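Me: I am new to this structure. Please take a close look at one part for me, the nonpolar core, and then set it in its surroundings.

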Amino acid sequence: MSSILKVSEIQDPTNGNSALTIDSSGRVLTPARPAFSVYLNASTGNQDYTTEGDLPFDTKDFDIGNNVTMSSNAVFTAPVAGIYQFNLALLLGNCTASGHVNTYLHIDGARVGGDADLSYRAIEDPQGGGYLTNTSAHLIQLTASQTVKPVLSVADDTTTEVRQGTRFSGFLVG
C-alpha cells in the first residue's frame, strides 16, 4: 500500500509561519532554517595575534533567525539543538615572519577539550609568504544556546593583517 501526500506548504501551528515549501519542480525549501554569512569589509592593518584573539567581522551578508551577534567579532548562538556546518575562510597579509597560523572555532568561549589538536582547528605554514588563505569546514553537534566563535593565533609575527573578504558562515543541517 502506498500513500501520497500532496502539499505545497507546511506552516507552524501557532503563527502560520512557512516552515517548508515544495515548488512545482519538487524542490524543498526551508525558509526559517538558521543560516548566516558574515565577512570583513575592510582590512585590519597590522596587528598582533601571537595570543589567541577574536577574528574581526563587520558586515552581515545574511542572518536567518538573527543568531549572530557582532561587535568587533562574530558569535553564533544555536537556536535549537542539532548538527551545524561552519565554514571559515581567513585571508591574511604581511605574515612573512610567522612560523604557523592557527584558526579555531571556540565553543562556549573555549577550545573543545582544551587541547589545540582536539579542537576545531586549521593550521597553515606560510613558508615566509606575504599572503595566506586558511580555510576550514567543521560539522559540529550543538545544544540550544551553545555559542561558536572563530579565533586566530599567529606564531612569532606581531604584524599580521586580516584582509578584507575574510568570511565566517554556517547553517543548521538538521
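Reply: What follows starts with the whole chain, turns to the core, and ends with some loops.

First, the ground rules. The model is predicted, so local features need pLDDT of at least 70 and side-chain atom pairs count only at pLDDT 80 or more, while totals for chains, interfaces and linings use all residues. Residues are numbered from 1 along each chain as its sequence is written, and side-chain values use heavy atoms, without hydrogens or water.

Now the chain. It has 174 residues, and 39% of them count as buried. Buried means under 20% relative accessible area, exposed means over 50%, and partly exposed lies in between, with a 1.4 Å probe and protein chains only. The secondary structure comes to 16 strands and zero helices. Both are DSSP runs numbered from the N terminus: helices are H or I with at least four residues, strands are E with at least two. The C-alpha trace spans about 65 × 35 × 30 Å along its principal axes. The accessible surface is about 9200 Å², and carbon and sulfur atoms hold 50% of it. That area comes from the Shrake-Rupley method with a 1.4 Å probe; for residues, only the protein chains shown count as cover.

How do contacts run along the sequence? Of the contacts with a separation of 6 or more, 70% join residues 24 or more positions apart. A contact means heavy atoms within 4.5 Å.

Now the core itself. A nonpolar core is a set of buried Ala, Val, Leu, Ile, Met, Phe, Trp, Tyr and Cys residues joined through side-chain atoms within 4.5 Å. The largest one here has 28 residues. Those with the most contacts inside this core are Phe-76, Phe-86, Leu-92, Leu-142, Leu-152, Val-162 and Phe-168. Seven elements are listed as giving two or more residues: β4 (35-39), β9 (74-77), β10 (82-93), β11 (101-107), β13 (131-142), β14 (147-154) and β16 (167-172). β10 gives the most, with five residues. In soluble globular proteins, nonpolar side chains tend to be buried together.

Take Phe-168 up close. Leave aside its neighbours within four places in sequence. Phe-168 then contacts Phe-36, Ser-37, Val-38, Phe-57, Ala-74 and Phe-86, among others. Its list also includes Asn-87, Leu-88, Leu-105, Val-148 and Pro-150.

Next, Phe-76. Strand β8 (residues 68-70) runs antiparallel to β9, and three bridges join the two. Two strands pair if DSSP finds at least two bridges between them. β8 and β9 form a hairpin, with three residues between them. β9 also pairs with β14, in the antiparallel sense, over two bridges. There, Thr-77 has Thr-147 in β14 as its bridge partner.

Asn-67 lies in the loop between β7 (59-64) and β8. Is Asn-67 buried or exposed? Asn-67 is buried, because its relative accessible area is 9%. Apart from residues up to four places away in sequence, Asn-67 touches Pro-34, Val-75, Phe-76, Thr-77 and Pro-79.

Now other loops. Asn-94 is in the loop between β10 and β11. Asn-94 is partly exposed, with a relative accessible area of 30%. Beyond its neighbours within four places, Asn-94 contacts Asn-46, Gly-130, Asp-157, Thr-159 and Thr-160. Tyr-104 is ten residues from Asn-94 in sequence and 20 Å away in space, C-alpha to C-alpha.

Two aspartates stand in loops with positive phi. Asp-108 lies between β11 and β12 (120-124). Its phi is near 50°, positive in a residue other than glycine. Asp-108 is partly exposed, at 46% relative accessible area. Asp-156 lies in the loop between β14 and β15 (160-162). Its phi is about 65°, also positive, although Asp-156 is not a glycine. Asp-156 counts as exposed, because its relative accessibility is 63%.

Last, a separate stop at an open sheet. Three strands follow the order β1-β2-β3, with antiparallel pairing. β1 (9-11) and β3 (28-29) are the edge strands, and each pairs on one side only. Two bridges join β2 (residues 18-22) to β3. In β3, Leu-29 is the bridge partner of Thr-21.
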